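Hello,

Here is the structure I promised to pass on. Please open it alongside the notes below.

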Amino acid sequence: MKSYVPNTSAQREAMLREIGLERMDQLFADIPAGLRLGRALNLPAGKSELEVRRLFASYRAETDASKPIFRGAGAYRHYIPAAVPQLAGQTAFYTAYTPYQAEMSQGMLQSIFEYQTLICELTGMDASNASVYDGATAAAESLIMMRDAKRKKKILYSAGLNPEVKATLITYAHFTKLDLVEIPLDKTGLVDCAALEANSADAAGFIVSNPNFYGCIEDIPAIAEIVHAAGGLLTAYVNPISLGLIKRPGDSGADIAIGDGQPLGLPLGFGGPYVGFVATKEKYTRNLPGRIAGQTADADGNRAFVLTLQAREQHIRRDKAASNICSNQMLCAIMSSIYLALMGPDGIAEVADQCVQKAHYLAEGISRIKGMSLRYCAPFFHEFVVDSAVSPAAIEAKLRERGIIGGLALERFDPKDTGILYCATECNTREEIDALLSALEVIA
């Protein structure tokens, strides 16, 4: 395999000699032999530019976003106004990076400040950071926030979190020596409050998803009461679009609000790049990871923007930093800011309402099909689990033959789970939903 770094063999040998080595594989001596590939990468031969273009055209055809999509599970198809990519594509936004020099970066700092303000209004919190990489990263960073705020290493999390988010939490916890405890769901699909109460002693806090991965809407005030009675903090992982209808986490007793901003103007781009948001109450502002833009006044009294709380920033006190986050997803954050500003409170509420109406129309239709049933009875937002006598693989194959992308087979995360997670958003028309229902009736 050719290197992306155009060093000749002679140059590589000279560099190896300089550090006292003879062969390139000696650089990897600390990696156990059992973890090494032990052979050359199985890569195809190089292609011409025309062949590469044809290859990518075939990929595009396979992932045609115009097909009816009934899959969410953390990445959702929503309508994105044309102004979002148009404005975000302006050179000042598209090429800007770290705003370390405040006097040279007023535009970018103001963009961050506006984003933070919008996230605070959306979540009902007092302070937000400049964003993190994605929702899973935001959840992992909240572990550190709760640990440092309460000085305890035991943290609880809901079994209703997205499995990929849970995997990220477990990875972070391993390297930060945290003791994670999973709280199960009850038969209705909601957090088992008895189990939560039994495990809350000596816990720094609890992370709950609302709506949870299975679409169910949690009773956040009741959960907050249990967590706070035990002296812990409550972190709510929320779908930002749901906040057009569901009570904001800041108004429901949560201390920290996190989530993925993908539904806010970001397309389905093979899983990224996305943007994670983290917001909190004023009391815990100093525990926020990453950057924070603040508003101040210059020597002449003019409005100005700065990176604030620099003493806790990673590039200032790296040896004492609680977080490894040292950047932010500003272009994605700008897209989310533009989307929120364009839609406004009424627009977000309308999108949320259409999601609920269409998801419930689909769920009611599926529940009338013989051999198919809804797994949970709890209220849901725009996702729900269906159990069926027909295997998920057979259902997916038949739907794809009809040009429909169906729900997500949960066996992807648990081989024993034969359920399918369906999702409907404002982008699904009634004709698409009826076509899916007709296809499922034939399949069943």
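Helix 10 (residues 330-367) packs against helix 12 (residues 430-443) at an angle of about 20°, and their axes lie 10 Å apart. Axes are lines fitted to C-alpha atoms, for helices over the stretch in contact; angles run from 0 to 180 degrees between N-to-C directions. Helices (H or I, at least four residues) and strands (E, at least two) are DSSP runs, numbered from the N terminus.

This is a predicted model: local features need pLDDT of at least 70, side-chain atom pairs count only at pLDDT 80 or more, and totals for chains, interfaces and linings use all residues. Residues are numbered from 1 along each chain as its sequence is written, and side-chain values use heavy atoms, with hydrogens and water left out.

Helix 10 and helix 12 are therefore roughly parallel to each other (angles under 35 degrees). In contact (heavy atoms within 4.5 Å), helix 10 brings Lys358, Tyr361, Leu362, Gly365 and Ile366. Helix 12 answers with Arg430, Ile433, Asp434, Leu436, Leu437 and Leu440. These contact residues divide into 7 nonpolar, 1 polar and 3 charged (Ala, Val, Leu, Ile, Met, Phe, Trp, Tyr, Cys and Pro count as nonpolar; Asp, Glu, Lys and Arg as charged; the others, Gly among them, as polar).

Best wishes

How values were computed: Parallel < 35°, antiparallel > 145°, perpendicular 65-115°, else oblique.
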